[in-house]
Amino acid sequence: AENQCLSLHEVISIIGKLGYHSVWVEAGGQLFSAMHRLNLVQRTYCYLVPKTLEKDSIDAYHGPCVLKQAHQVSWLALEDNMVAILDWEKG
């Protein structure tokens, strides 16, 4: 535990030791941001939908911009939605 929170590095390590090499994580903004800040993500799927959020909506990302690392972008159309696929470069 780190500061009374789970260590994301430990969680990913345990998942790998269990034999899982691909894990789909649907996360809220805090977990999403933390996993990206710690470079624990190889691919990110960002769904873009034709809806407008209200002014009291919760921010999706927390802390400094987590999407500034070098990455490749590809796009996928799903009905009236678009998916940005970000493949992160390890450096």
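Against which elements do the buried residues of α2 pack? In this predicted model, local features need pLDDT of at least 70 and side-chain atom pairs count only at pLDDT 80 or more, while totals for chains, interfaces and linings use all residues. Residues are numbered from 1 along each chain as its sequence is written, and side-chain values use heavy atoms, with hydrogens and water left out.

The buried residues of α2 pack against α1 (8–17), β1 and β3. Helices (H or I, at least four residues) and strands (E, at least two) are DSSP runs, numbered from the N terminus. Buried in α2 are Gly29, Phe32, Ser33, Ala34, Met35 and His36, where buried means under 20% relative accessible area (1.4 Å probe, protein chains only).

Helix α2 comprises residues 29–37 and includes His36, which has a relative accessible area of 4%. Beyond its neighbours within four places in sequence, His36 is in contact (heavy atoms within 4.5 Å) with Val41, Thr44, Val66, Leu67, Gln69 and Trp88. The His36 side chain also reaches the backbone oxygen of Phe32 at 2.8 Å. Just after α2, Asn39 has a positive phi of about 55°.

The three strands form an open antiparallel sheet in the order β1-β3-β2; strands are taken to pair if DSSP finds at least two bridges between them. Because β1 (43–48) and β2 (71–78) each have a single partner strand, one side of each is left without a neighbour in the sheet. Eight bridges join β2 to β3 (residues 81–88), and Gln72 has Asp87 of β3 as its bridge partner.

Conventions: Buried means under 20% relative accessible area, exposed over 50%, partly exposed in between (1.4 Å probe, protein chains only). A polar contact is a pair of N or O atoms within 3.5 Å; within protein, one must be able to donate a hydrogen and the other to accept it, and residues adjacent in sequence count only if both atoms are side-chain atoms.
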